[in-house]
Structure formats: C-alpha cells, structure tokens
Amino acid sequence: MSRFTCFFAVCIALLGGAPLYPQTPPDNPVFQFPLSPATLPRFHEICGVLAKRPVTKGIFTQKKNISRLNRSLVSGGNFIIDAKLGIVWETLSPFPSTMAVGRDYIIQSVPGGAKTKLEAAGNETFLRLSETLSAVFTGDAQRLLENFKNYFTETGAAWTLGLIPLEGSIRSFAAAIIMSGDSVIRSVTVHEQNGDSIRYELSRHSFPEELGSHEKNLFSAH
Amino acid sequence: MRKIFFPRINKPFAPVYIWIFFHALTGIAVGLLYIAGGPVRVNTALLDILPDSPGRKHTAAAEKVFSGRTARNVYIFAGSADFSAARRAAVSLYDGFAGSGTFETISLYIDENIMARFTGYLYAYRYALLDADTRNLLENGKAREIADAALARAFGAFTFTGLDTIETDPFFLADLRMKKFLSSSLLSSGRLSVREDVLAARYEGLWYVMIRGAFSPSGVAITNEDSAVRKIYASCENIAARDPGVRFIYSGVPFHSYQSSSNAQNEISLITTISLVIIILGFLFFFRSPLPVLASVAAIGASLLLAAGAVVLFFREIHVLTFVFGTTLIGTCVDYYIHYFIHRKWNPGLGTGAEIRSHIIRSLTMSFVSTGICYAALLFAPFMILRQFAVFSLAGLLSSFLTALCLYPYLKNPNPEKRRRMKFPAVKTSAAGLSALRKLLFFAILTASLGCLFFNRHTLRVENTIGDMYTVSESLRESERIAAGILNHGSAGWYFIVSGDNPEELLRHEEALSAELEKQIAGGGLKHYMATSVFIPSLRTQKENYAAAKKLLPFAERQFEYLGFPPETAEVFRRDFAAAEAKLSIPGGDIPEYINNFISNLWIGEVNGRYYSCVLPLQAKTEEPFRILADEFDFVTFVNTVKDIETELDSLTRVMLLLFPAACIIVSVVVRLVYSPRDTLKICAVPFLLTLVTLAVLALRGAGLGFFSVTGIILIFGLGLDYMFYTIESKKSSGGLTVCAVALSFATTALSFGALALSTFAPVHIFGLTVFTGLTTAFISALLMSGKVSGENQETSG
C-alpha cells in the first residue's frame, strides 16, 4: 500500500474536521422538537410531496450574514431543482454567477469566464456534500434521516424542519440547516460554524415536467 | 603436471591452537564491536533483502531515508455493519495503544480546529500562495476578471472559505487557492469522510473506522515480545471476541514483515529440528555410540555461533532469513565429521587421530576449497541476504573444517577389538555388467533431462519477479484489498526523487518538474500529483506571486464599494498588502500541523550534503513518459524500485549464466593440478550433468531461471564436486568405507537443502529445490562415474 495514504486522511480532515456544531443549536424554536414517532409520518408525507416533483423552478433571494463584520450581502436569481440532475443557483444580481451541484461534481461559472468543474468522483466528502444538498432540496426522507439529526414542527400548513448533520464533513459547510415551507420549500437557512449564515427565500415555484436545453446545459461544463 | 602434495600432520596437539585462535579471535572481535559500537541487531525487515536500486547510487541514500520514514506507517480499520459498533471497536483499540510505546504516533479522532487552521494558513499567505491560473491572469492584464469573479463569488451561492475576512481579502485569493486544492487530488479523500469525530467509510456493506499510526522503532521490531503487530492482533482478537460483528482490516508494510518473519522463524525451528533429529538418529544408528553425535552437535553449535559472529562482524546485523539459509550449514558441516568418524570407527588401519586426519585431509581440503569458492562467489551478489549467507557459511565451514582436523584427533580411538572393517554386501554382478548398468543409468538420466528440457523449453527463460518472492496470506491479501478500496488513492508505486543544493533550489526544481507534470495532466496522461512545492512554493515563486498580486490594488476601491465597505477600507487594505510582502512560507514554518506532517513525508531533507524530496504522480496511465520526463532533468530521478530491481536481477542472472561455463573451466584447471586427466574429466563431467538435471526439474516446476535458482546452481557446482573428490579418494584405500561416508554425508546435506525446498518463502523454496536436485544428481553421478582410480593419484596420496 502507499505510504501517502496518511495525507489523504489529512485531506479528509481538512474538509471534515471542523468543530462539531455548537452544543446549543441556532436560536430557533424548531430545535426544541426532535423528530418523534408522532411527527415522523407527517415528515414522510411532506418529503413525499417534495420528492414527487421531478423538476422545481423558481426565483430566490439570498442573504449572506457576516456576523463578525455585522454586514450582509444580498443577491437574487433563479433556481432549478432537478431530482435527477441536481441543483442550479443562477445568481442574476448584483453580480451574475451560476453554480450547479450534480451527483459528483460542482460547476461554477461567471459571465465571460470559463466554467470550472470540480470533480467529486473519488472524493467521499464532495459526494456526501452533493448528496446532502440533493437530499435537502428534493425531500429525500431516507437520506435526511440517515445523515442528519432531524427536528420538526408544524403550524397549520406551514412546517419547519431543523437539520444537524451527523458527519463532520458536512458540518464544516453547514453546521445546521433550517427549512420551512408548506406544499413547497419557502426558505432554507444554512448556519455556518463561525456564526455566519446564508438564508435563501424561494418563491414563484413552477413544476415543469422537464428542463429546456438551455437549463440542461447549466449542468454541463462545456 | 606436478601434483600438489598435502602435508602429513603428525603432531596431534599442535593444530588445536589454530582452532582456538580462530574462534577466540572472532569472539573477542564481536565482543569489542558490541562494546564499542553499541548493540547489534537481528534484522527482520522483509524489504531489506532486496538489493539497492540500480543505476542511481547518488539518490539511494535519499530513497532509503524516504522509505525508512514511511515503512512504519500502518492503517487499521475497525469494521461492522453498525457504525456505532465499528467506532466503539476503533475507540477501544485506540485507547489500548494511545500513549504506549508501541506507536510513535497514533490517531483516531479528527482535530476539531484543523479546517480553521488550514484556511487560516491560506489566508495568511494569500499573496505568496497564488495558484498558477490566478497568477497567469494577473500577469496578462486580467486583474479585473479576478476582481469581478470575486464579487460574483461574494454574492453567489457558494464559497469554499468563509466571508469573515472579506475586508482584508476582497479578491477572495484564499478562496481561490482553496478551490484549487479541492479541484486537485490534494484534498481527495477516497471513500473516507468524517462521521461524528472519526474518519469512516461505508464499503461493501460495512462501516469502517480508520486508525492510522506509525510504529515506534521498538514496536516495529517484529519478532520479539515488543512487536506492535503481535500486540495489535491480540488486542483486536479480544475486541472481536466481545463483539462478533466486528472485524479488523490491516494495511501496511509492518504487517507483511511480521507475517514473513513469523513464517521464517517457524520454518527455522522446523527445518533445524527435523534436520538435527534425523541426523542424530542416523548417527546413533550408524556409529552405535553417542560420542560422534555429541561431538558433531557440539561442533555444529560452535560453527553456528562462529558463523553468526562473523556475520555480525561484517554487517553489524544479521537478517532473520540468513538463519533460514544458514540452517543448510548443518548438513554441509556434518560431512566433515562423518568422514572423520567413519574412519575412526571402521578403519582399524588408521591407529591414531593424526593418521585419520592425514588420511582424509586431502579430500576434506579439496571439498572445503571448492565449496568455499562457490560460497565466496555469493559475496559479489547484490543481495545483502546472500552476502550474509556467504559469510555465515564460509565461517561455519571453516569452523567445522578446523574442528574435524584440529580437535577430533584428540578423541581417543576405540579399542582395536571394537574397530572392525565394515562388511559390504557382495555384488554378484560382473565388472562389465556393472559398467553397462552405470552407462545405462547415465544415459537414461541424460535422455530424460534433455527430453524434459525440450518439452518444457518455454518455461526456461530468465525472469525475476519480486512479487513472487513473497506469498501474502489470504487474510492479509483481503485486508489490503479492502484498505485499497477505502483509501482509493491511485498511487502507481513509482515516483520521482528531486534534488537540489539547498531547500530553495530543491523547491525550484520541483516547480520545474511540476510544470511538465501539468502538461501531462492537460494531455490526459496524469490525473494529479503531490509535491511539497504545491503547499510551499519556492521563495522566488512566492515573491513573483506577490508582485503579480500588486496588480489587484487599483481595483481595491471599486471592490470595497460593491461590497458595501467605506472608502477608507481600501487604504487599510493597501497597508496590509505592503506589510504582507515579507510574509513568505518556508518548510518548517508556521504551516498547519497536519500539512506539515504530510510535507515531512515528501520532504526528505538533507542527505550527504544535498537536499531531496519526493514528487508523487497519481493515477497515471503509463509510466514510460514519466521515465523519459525524468531523463530531461539532471536533478530528477525516476524511481520504480520493484521494476528496476527486477530488470537488474534479470541482467545479473544472464551474466551469471554466462559466467558459469567460465567458472567450470577455472575449477577444471584447479582440479587438474591435483588429479590425473582421467579423474579430472570425471570430476568435471559432474557439473554438466547436475546442471542439466536441475534445469530439467526447474522447467518441470515452471520456475524459470531466476536469480535464486541460478545462485543455487553455482552453489551445487561447489558442493556437488565434493562427492567426486571423496569417491575418487576412496578408491585409493578405504574403498566402500568412503562410499558409505559419502552416502551418509549426502543424506545429511540433502536433508538440509531438501527441507528448504519445503519453505513457503519462494526464494528459499527455489534455492532449496535447486540445490537438493543438484546434490542428488551429483551423488548419483559420483557413484556412476567413479571407476578405477588412476595410479598417478595413488602416488600423491599418503
């Protein structure tokens, strides 16, 4: 065997060795309600609704909060969630850019700039990240249960799902995730280790049967 | 031709001083060595039996340092269908060894702050560590593109690093560098990822939790009670016994060394015990007295001690496999004792020990000289193990030779009435009939061998395969398969050694090689590579990077305006940039600990006044372009140890095969100095026949002509001639008595080498098989070819 394998372990650690999520989850009421046998059927029902749509499109507003600097960066654009291909965030303003997360790759591009593709094949951490993002946005109940400690609460038709990743590799990117919605996902907030957070508000949902060629091209590095 | 006369030594007590001098000298020298040079060691490392890599002597020392650092690394995976059980088992194992002297380093848990420290490093050196693409853009007047991309990144969906340093890194240089690391293999993780606080992977239906470590020097001593592998196996067995669902996977050189050396030790015990028991029983049966047994055992003990002492004197260590080979010494040494005691017991014509010595001195000396010459030839072999074996055997043989001639004459001969001539069964065949039978047997053997060689000629090719020298156990093979599947790193087993006069030049040389490797990556011939300079560029490159980064400064105001910072932030940024000019990263500097650990693996450092490092290509399609690439640089050496050694061994084997006929001619000349032309012809015909038969057996076995089999052939050339010497000498006086001694000595020698043929260690097996076959052929040849001895020889003997 190779003498360099220890380094690979280091690399993994680099991606995944971030601090565990703070003992106290974000100040959100949902974390008072761990998923229980009583709420599990409803959790499955909601995930089932989210998962049954092959494609979900809409627009998003993103707000990145930098806690140390007490500043926010706000942007907006279109999103695509394709159960097979992955997820696209097409930021339109103030500075356009696109990010596509597929099963085993991440593609980033800016207008006039070349697309850059990060291959995740052979990189378990990337695969996990991609898998997790996909599970979150497509309502893959089984993967959510496998990869997160789940919290769930519901008020009327509106529900809130709290997710704390079990794996350190995912926690380094997202210490906790809070989703809310009704028949669709309305918002997703990702809390980072350092106290920063990113909040996505999703609206104008549509559910086409399949993507157009331009949209499919967003998942291609060419 | 004038014949060489052998002296009669009629003073039986004088030669004892030779024996005492020789043995005492060796003992005192070993003692002085121990006192002056510290403890000697028994080497148990399997890889140490291989020769130094050929053709690159100047980097051999650096390679040795490199291998020494990494050869103690091990990986242990605790597996279970349930992650919690796997983690529990790993924790239990880790707790048992953490802080013990078994491991130099051992780790299970992941450092909580490692990510923060790494991104902190990239941030601290963000100007000096620019990636090549970013620098190219800057140097080509495209700073604006980088500034725009940074804004898109800030407002986009995803960044690789946090945004909390945005006021001092508004161009996201640290994020760009991190992205480059992620897109390369450098942060590839195989199937492993962090689960809870450990590294884990799900593979073939089981969860595996990884423990990695490096054995301490005492722990890596694989054959004693401190053996880390032995302790690990015991501990894992206990854990698995408590939870039957748990299994352990082991990976690393120490596990293989342990397996091979354990097998070797078991085989030593087995071979030695069987050889000794059979020889003792044979002696007791033949001599009907315990004295020859006791005297022989004592002599063998002295020979083995002296042999081991001589090896230690020359090599300061003794390899465990030298003992395996060295057990054959028992059979060879016993030959001398047999000849002495046979005449002592059965030859009443020789009244004293001195007369016995005078009677056998010529045949024993010829035997000792011819065997010694063949052992001495092994001193020039590139295998350390064979050189040790040669010294071991030469010293052991000399000890036995001196014992037989210098000590045994002290033994009082039995009473004359107890010494009677041995009665040999009468052969009721005419001399002509016997001659015809001999010829028939000779031609039968010749024809069978030639036929066998003809029909199996395709197997007779020069071929040395290092991989075949060690047969990995089924369980360890399965362990390595799973470990490779989990780690999935793509190392091809070959690499580059880069050198430089100082660390800075070495890093520059690495960068020159890296530029060529990048071309290979672009061409699809290589997926990625690892090098120290990827993490720590040369100071020249870092300064050039910093200079390139200056081109971002004009965009600072615009950048901060878009990011919502007040205008004065740009001025603060410029001051910070100016202060960063002296911020350069150097090996051993404040780089993150885990990265530093990794670099210390690649970074070999100073060896013999020059600096060396390793550059490791990963997932390359073929190695040939990289060999050619290395030839383009004076400071780059391509290293594929296994392949290079195999090629070198093939060349050596061919040379030895060519030299073998030459050696036969030289020995023939030496033999002719002592014997008549007729006897010389008989003696020299033996090597031809035994080589033919041995090649036929090797062909049947499908073993090919490897270094060890050819070495064996050369050795039997020396050993096999002994029987002819003894047999021809026997014709002078003692006749059937000496034939009987030859038969007994053949039995003991063949027993020793035959036992080696049963070894599971392939080189030992082939070596034993070759020598056993050759000796058997030599013995039969001696019987077939011995006719009436020439009168000329009668004259030369006493």
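Is B:Val277 buried, partly exposed or exposed, and at what relative accessibility? In this predicted model, B:Val277 has a relative accessibility of 42% and therefore counts as partly exposed. The residue sits in helix 9 of chain B, which covers residues 253-287.

Charged contacts come next. Side chains of opposite charge can pair when their charged atoms come close. Over all chains, the structure holds 25 salt bridges. One of them joins A:Lys57 and A:Glu215, with an N to O distance of 2.4 Å. Because A:Lys57 belongs to strand 1 (residues 55-66) of chain A and A:Glu215 to helix 6 (residues 213-217) of chain A, this pair ties together parts that are 158 residues apart in sequence. A:Lys57 is partly exposed at 22% relative accessibility, whereas A:Glu215, at 16%, counts as buried.

A salt bridge in chain B brings together B:Glu544 and B:Arg135 at 2.6 Å, N to O. Here, too, distant parts of the chain are linked: B:Glu544 lies in helix 19 (residues 539-549) of chain B and B:Arg135 in helix 5 (residues 132-139) of chain B, 409 residues apart. B:Glu544 is partly exposed, with a relative accessible area of 33%, while B:Arg135 is buried at 16%.

Back in chain A, A:Arg199 and A:Glu201 form a salt bridge whose closest N and O atoms are 3.0 Å apart. A:Glu201 is partly exposed at 39% relative accessible area, and A:Arg199 is also partly exposed, at 33%. Finally, a network of salt bridges links A:Arg42, A:Glu45 and A:Glu154.

Methods. Residues numbered from 1 in each chain as written. Chains lettered and ligands numbered in written order. Predicted model: local features only at pLDDT ≥ 70, side-chain atom pairs only at ≥ 80, totals over all residues. Heavy atoms only, no water. Helix = DSSP H or I, 4+ residues; strand = E, 2+ residues; numbered from the N terminus. Buried < 20%, exposed > 50% of the residue type's maximum accessible area, 1.4 Å probe, protein only. Salt bridge = Lys/Arg side-chain N within 4 Å of Asp/Glu carboxyl O.
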